[in-house]
Amino acid sequence: MPKTFVIGDIHGSHRALLQCFEISGFDFQKDTLICLGDVVDGWPGTCQAISLLLQARHLIYIKGNHDFWALDWMETGYANEAWLAQGGQATIHSYGKSVPQGHIQLLRNALPYYVLHNQLFVHAGIDINKPMDKQDAHDLFWGRDFARLAKAQHGTRRRLTSYEAVFIGHTPVMEGKPVQYCEVWMMDTGAGWSGR
């Protein structure tokens with residue numbers, strides 16, 4: 001029976017991504033992988049990590065904030081100083097002289113969010129006071145207010161959304177595994193820096 005997996009920020013950690021696939025028993029031909037963005041920047045394996053993701057037959061890729069910077073560099077050659085300081089240099093080094101077209105296409109065609117069986121998948125979060133078609137880029141790709149709100153409501157029975165579950169990356173948790181606050185699953189376990 002095919003399964004659906006979700007993974008948070010990878011940040012160039014190809015080796016850890018391989019380990020996740022091995023431990024989970026992910027089937028590249030049958031299973032679905034929903035990636036919450038930010039496969040780039042941080043560790044030196046961005047090129048390898050994207051190549052590995054592209055082997056998944058059923059890949060749904062959500063755009064992350066670092067993906068914007070990396071895509072800009074891939075398409076124009078421009079390297080934003082803030083991006084370079086936050087892992088972009090490692091992404092540049094991982095590619096050497098050229099970026100495969102399929103890698104550019106993955107980031108270019110990434111979704112702002114995805115809904116499956118009343119579950120929402122988004123990189124950073126949402127504004128709970130707006131419908132999904134009115135969300136702005138800051139909340140979807142950069143904001144941390146939704147994650148803070150979910151954490152602040154931990155232990156209450158309050159629901160923040162009408163979704164059965166919401167899966168986000170972007171805001172790292174230091175528990176070494178995904179953490180649930182209300183119906184919100186925080187999936188960024190810090191792989192890009194000092195986490196898992």
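At what angle do helix H3 (residues 65-76) and helix H5 (residues 101-108) pack, and how far apart are their axes? The legends below take up this pair and then other close-up views of a predicted model.

**View 1. The packing of helix H3 against helix H5.** In this predicted model, H3, which spans residues 65-76, and H5, which spans residues 101-108, pack at an angle of about 140°, and their axes lie 10 Å apart. Because of that angle, H3 is oblique to H5. The crossing in which H3 passes H5 is left-handed. On the H3 side the contact is made by Asp67, Ala70, Leu71, Met74 and Glu75, while H5 contributes Ile104, Leu107 and Arg108. Sorted by class, the residues of this contact of H3 with H5 comprise five nonpolar and three charged, with no polar residue among them.

**View 2. The packing of helix H2 against helix H4.** Helix H2 (residues 46-53) packs with helix H4 (residues 81-95) at an angle of about 70°, and the two axes are 7 Å apart. Since angles of 65 to 115 degrees count as roughly perpendicular, H2 is therefore described as roughly perpendicular to H4. The residues that meet here are Thr46, Cys47 and Ile50 from H2, and Thr91, Ser94 and Tyr95 from H4. The contact of H2 with H4 holds three nonpolar and three polar residues, but no charged ones.

**View 3. The packing of helix H1 against helix H2.** From H1, the residues His14, Leu17, Leu18 and Phe21 meet Gln48, Ala49, Leu52 and Leu53 of H2. Six nonpolar and two polar residues make up the contact of H1 with H2, and no charged residue takes part in it.

**View 4. The largest cavity and the residues that line it.** The count of cavities of 30 Å³ or more comes to one, and the space within the largest cavity is about 30 Å³. Its lining is formed by Ala124, Gly125, Ile126, Asp139, Gly143, Arg144, Asp145 and Phe146. By class, the lining of the largest cavity divides into three nonpolar, two polar and three charged residues.

Definitions and conventions
Residues are numbered from 1 along each chain as its sequence is written. This is a predicted model: local features need pLDDT of at least 70, side-chain atom pairs count only at pLDDT 80 or more; totals for chains, interfaces and linings use all residues. Side-chain values use heavy atoms; hydrogens and water are left out. Axes are lines fitted to C-alpha atoms, for helices over the stretch in contact, and angles run from 0 to 180 degrees between N-to-C directions. Helices (H or I, at least four residues) and strands (E, at least two) are DSSP runs, numbered from the N terminus. Angles under 35 degrees count as roughly parallel, over 145 as roughly antiparallel, 65 to 115 as roughly perpendicular and the rest as oblique. A crossing is left-handed if the near helix is turned anticlockwise from the far one by less than a right angle, and right-handed if clockwise. Contact means heavy atoms within 4.5 Å. Ala, Val, Leu, Ile, Met, Phe, Trp, Tyr, Cys and Pro count as nonpolar, Asp, Glu, Lys and Arg as charged, and the others, Gly among them, as polar. On a 1 Å grid over the protein atoms alone, a cavity is a set of points where a 1.4 Å probe fits but cannot get out, and a pocket is an open set with protein on both sides within 12 Å along at least five of seven lines; lining residues have an atom within 4 Å of a point. Grid points are joined across faces, edges and corners, and a volume is the space filled by probe spheres set on the points.
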